[in-house]
Amino acid sequence: MRRQRTAACLVGALCVMTGGLGATSQAAAPEIELDGDRVVVPLAGGRAVVDPATLEVEARTADGRGWQLSAPAAEPLGPAGPVRVEDGRASWRYPGMTVTASEQAGRLSIAVHAGRDSEMTWPVTGTDPGVSEMQFPRGEGLSVPVADPWWNSGEARLAGSEAEMAGGLTMPFWGHSGAGRGVSYIAENDIGTSLRFVSQRGRLHAEAVHGFSAREGTLDHTVTFALTDGSPVAPARDYRRWLDEHGGRETLRRKIAENPQVGKLVGAFHAYTWGQARTPEGVRRLRELGVDRMWLGYDADDRPMSPEATKAAKDAGYLVGPYDSWANAQDPAQADNPSSRWPAPVWQDACVRKADGEVLPGFRDRGCYLSSEAFARNPRLMADRTREMTANGANSYFLDVDGAGELHTDHSPAHPMNKERDRRNRLDRMGRLAGDLVLGSESAGAWSAPVVSYNHGSSTPVSDHLWELEKDKEFWGGYAPEGAPQAFFKPVELPADAAKAMFAPQYRVPLYQTVLHDSVIGTDRWELPWSKLPRQATDRVLMAMLHNTPLNLVLNEAELDAHGAEIAALQRYFAPLHQAAATEPMTGFRRLTPDHLVQRTTFGDGALTVTANFSQQAHDGLPAGCVDAVVKGDTAPRRLCPGPL
């Protein structure tokens with residue numbers, strides 16, 4: 001058996017990979033000063049000025065400009081005690097709280113420790129009038145204009161919403177920019193912290209909300225502030241640097257070295273299969289079309305891929321594996337989802353219990369959510385499940401939910417856990433799977449990216465529109481007919497607001513890829529295959545090529561009849577680009593036009609450069625709706641103009 005990928009928990013609650021990580025050398029801390037009643041902390045690019053009375057934070061840059069990095073805390077803090085400066089730190093107290101301000105690797109770090117359960121809304125960011133855009137990693141990432149009337153309206157479903165740092169966002173950071181400068185914020189204690197989006201006087205700003213809880217282990221709230229150059233991906237560059245400083249990334253190169261099967265992801269599209277596409281004949285048809293790399297998945301229903309079909313897929317050089325979930329259980333006599341059927345005594349003994357002792361209802365109120373602690377205490381359940389699911393010879397596995405991070409507190413006296421324990425359990429069991437199989441999970445937040453090699457969902461900036469649309473079975477489609485469930489195969493036209501919130505290219509920025517491109521391979525969500533949204537099909541192809549990420553597809557015989565040749569052509573274009581850059585970092589992102597509809601990415605030291613034109617007119621010789629890619633050594637760009645679906 002190959003080495004299990006293991007995880008360790010670093011500062012706060014963030015769990016990251018270990019593996020030969022040396023201690024970071026500690027240079028002499030820059031001098032912190034008091035300027036009257038203000039604390040002045042040297043930063044890379046300037047100084048931060050903190051008001052202990054309110055926790056307002058301002059920046060003063062070398063050119064003399066000042067701007068607000070955080071407004072005062074939203075709730076009264078109580079009287080601040082005297083400030084003490086020693087050992088490169090400033091500290092003071094409020095009733096029930098201690099605050100420490102320091103410089104950490106060129107950033108301002110403010111750590112709040114509470115002595116009792118409470119809540120705090122701070123920092124309050126983006127309130128400076130010079131701020132023009134706000135960046136946050138919803139899925140791949142968005143950069144939205146803070147004064148835009150639509151983004152401030154209810155139609156956008158952003159203002160008034162709140163996203164958990166440990167699950168609602170793919171990574172625990174956000175940023176603001178304007179007038180050639182910017183700021184990055186990292187929530188080091190992501191569990192217990194959420195980001196609230198507020199519209200005030202026609203402008204958006206963001207507020208971090210932290211719940212201090214002894215039971216949850218969230219009595220610490222640490223936020224770092226870094227001055228940036230104002231690039232829309234600057235917060236992601238800062239977070240990548242923070243991860244590297246704390247040993248928080250595992251490279252795809254290393255994953256391939258540990259399990260060479262992971263290398264089969266490079267150049268591969270991903271597809272969930274149904275009907276004839278799950279058979280040996282369907283696999284051979286894909287190969288005959290010219291598709292030389294593919295990840296093939298199948299639902300955990302009563303018609304999985306047979307050993308013969310699995311062998312055909314592996315003979316073709318593909319990865320193949322089941323979709324599974326260890327997050328939900330239903331009464332076996334009434335379960336509507338095979339992956340929710342577990343042997344006794346899982347239902348209901350392993351269910352998460354609320355504080356009142358009641359079972360926590362599962363996804364869409366079906367069954368119950370399962371406690372990872374209950375499974376951790378009976379590891380044979382997972383071992384037996386995995387053995388059963390891969391008995392056909394599968395060499396990959398997709399474990400839904402585990403890597404995305406809706407974490408649970410379990411009040412059951414038989415298997416109690418808090419959210420941090422839940423995350424540790426998930427990391428441990430994913431690490432075990434990743435030892436022998438090419439493992440993927442949903443969305444893969446930054447904390448789970450070290451133990452998975454691919455994910456389905458990180459590319460999609462999901463808004464609440466999507467969940468509402470999926471509940472409308474007449475519009476979206478359900479899980480019938482067999483072999484071609486409409487939920488996956490029925491094309492739909494998104495309402496304008498939903499399409500704009502999720503897929504308008506002028507607001508999309510590659511935050512996830514800037515941080516994790518050379519660590520984990522991400523795609524769109526599995527219920528949003530390429531052909532599900534015909535109006536967005538061209539832009540989604542361009543975005544995938546621009547970000548150097550695979551398309552996620554759904555296949556059956558009819559889909560191959562209709563689009564097989566086009567899928568093969570797209571995969572043949574993508575494969576050499578991905579082979580050139582999959583293990584390279586994304587090193588650059590630029591918006592080349594004022595409307596942000598022409599964009600360029602670079603990977604590694606010139607390994608790959610991609611330019612995509614999402615506009616309606618040609619730009620610098622690149623036609624509308626086309627993408628040019630230059631692999632290092634090319635004498636001319638490789639052009640793709642996919643056209644409508």
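This report covers the nonpolar cores and salt bridges of a predicted model.

## Basis

Local features need pLDDT of at least 70, side-chain atom pairs count only at pLDDT 80 or more, and totals for chains, interfaces and linings use all residues. Residues are numbered from 1 along each chain as its sequence is written, and side-chain values use heavy atoms, without hydrogens and water.

## Nonpolar cores

The largest nonpolar core holds 55 residues. A core here is a set of buried Ala, Val, Leu, Ile, Met, Phe, Trp, Tyr and Cys residues joined through side-chain atoms within 4.5 Å. Buried means under 20% relative accessible area, exposed over 50%, partly exposed in between (1.4 Å probe, protein chains only). Leu108 and Ile110 touch the most other members.

Contacts of Ile110 (heavy atoms within 4.5 Å) include Val50, Trp122, His221 and Phe225, leaving aside residues up to four places away in sequence. Another core lies apart, with 47 residues, among them Trp530 and Phe574.

## Salt bridges

The whole structure has 43 salt bridges. Each needs a side-chain nitrogen of Lys or Arg within 4 Å of a carboxyl oxygen of Asp or Glu.

Glu250 pairs with Arg254 at 3.6 Å, N to O. Glu250 is buried at 6% relative accessibility; Arg254 is partly exposed at 30%. Asp315 and Lys311 meet at 2.8 Å, N to O. Asp315 is exposed, at 55%.

Asp524 bridges to Arg540, with the closest N and O atoms 3.2 Å apart. Both Asp524 and Arg540 are buried.
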